[in-house]
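Hi everyone, thanks for having me. Today I'd like to walk you through one structure, starting with a helix and then moving on to some charged pairs. Please have a look at it while I talk.

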Amino acid sequence: MTPFWPAFWRGFRALVPLWLGVIPFAVAYAVTARAAGLSVRETQLMSLTVFAGASQFAAAGLFAGSASAWGIVATTFLLNARHVLYGLSLARQVPLTRPQRVLAAQFLTDEAYGVAVVNGVREPGGLSFGFLLGAELSLYAVWNVATFAGALAGGVLPDPAALGVGVIFPLAFLGLLVPLLIDRKAVLVALASGLGAWGLARVLPGGLVVLLAGVGGALLGAWLVTRKERA
């Protein structure tokens with residue numbers, strides 16, 4: 001059994017290089033939320049409880065547009081539906097108790113999942129709950145510190161669009177994707193998912209595109225793997 005704390009700190013440090021991309025994104029969220037009329041307390045509470053960058057941005061924009069509660073919930077649900085796929089993937093790689101599953105699910109992010117999957121194979125004894133939680137809380141800590149700083153300084157910061165944060169997430173995802181392209185099946189699934197998302201984005205809203213492209217890519221990957229096993 002992998003000792004918890006050494007694995008935890010290895011996971012925590014593994015996310016540190018991504019902090020530089022997360023900090024401006026969290027600050028931009030805080031500026032957006034404050035401009036939408038949320039107080040510092042409300043802005044921070046969303047980061048503490050929701051902890052999902054794209055969903056928080058969407059919710060802040062919907063608050064500004066006086067959207068209904070159901071509209072906000074539905075939008076954020078669609079944006080976060082991909083985490084169900086992450087959870088199913090991790091459940092096959094990491095032995096977790098029920099309380100550990102709940103805790104890991106609360107703090108799961110795209111970056112933590114990507115780093116855990118890429119680095120987990122190099123962990124002594126394989127990917128562990130300690131490494132996964134360390135990676136998750138590393139991002140959680142810096143996200144909330146940056147949110148608080150942005151909420152306090154929102155009045156003197158430029159418009160979020162001027163910060164150039166739109167390019168941060170695509171670059172971060174690209175950096176997480178490249179180490180996973182280890183064979184032809186992975187490359188094929190990545191290309192098919194990307195092209196599918198590009199095509200769907202022309203006719204469907206973003207949250208639904210993420211869900212459909214993610215599910216489609218997962219099904220394609222499962223079919224390719226099972227076909228090879230049958231052969």
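Let's start with what sits over helix α4. Its buried residues are covered by parts that include α2 (19–35), α3 (40–49), α5 (69–80) and α9 (129–153). Please keep in mind that this is a predicted model.

Which residues of α4 are buried? They are G53, S55, Q56, F57, A59 and A60. If you wonder about the spacing in a list like that, here is a handy rule: an α-helix has 3.6 residues a turn, so residues three or four places apart point the same way.

α4 runs over residues 53–64, which is 12 residues, and at 1.5 Å a residue it should span 16 Å. In the model, the C-alpha atoms at its ends are 17 Å apart, which agrees. Then, just after α4, S66 has a positive phi of about 55 degrees.

Now for the charged pairs.

Are the two partners buried or exposed? R10 has 26% relative accessibility, so it counts as partly exposed. E123 has a relative accessible area of 8%, and the cut-off for buried is under 20%, so E123 is buried.

Next, please find D110 and R82. Their side chains meet in a salt bridge, at 2.7 Å from N to O. This pair also links distant parts of the chain, since D110 is in helix α8 and R82 is in helix α6 (residues 82–91), 28 residues apart. D110 is buried, with a relative accessible area of 6%. R82 is buried as well, at 15%.

Last, look at K185 and D183. Their side chains form a salt bridge with an N to O distance of 3.9 Å. K185 is partly exposed, with a relative accessible area of 25%, and D183 is partly exposed too, at 32%.

Methods. Residues are numbered from 1 along each chain as its sequence is written. This is a predicted model: local features need pLDDT of at least 70, side-chain atom pairs count only at pLDDT 80 or more; totals for chains, interfaces and linings use all residues. Side-chain values use heavy atoms; hydrogens and water are left out. Helices (H or I, at least four residues) and strands (E, at least two) are DSSP runs, numbered from the N terminus. The expected span of a helix is 1.5 Å times one less than its number of residues. Buried means under 20% relative accessible area, exposed over 50%, partly exposed in between (1.4 Å probe, protein chains only). Contact means heavy atoms within 4.5 Å. A salt bridge is a side-chain nitrogen of Lys or Arg within 4 Å of a carboxyl oxygen of Asp or Glu.
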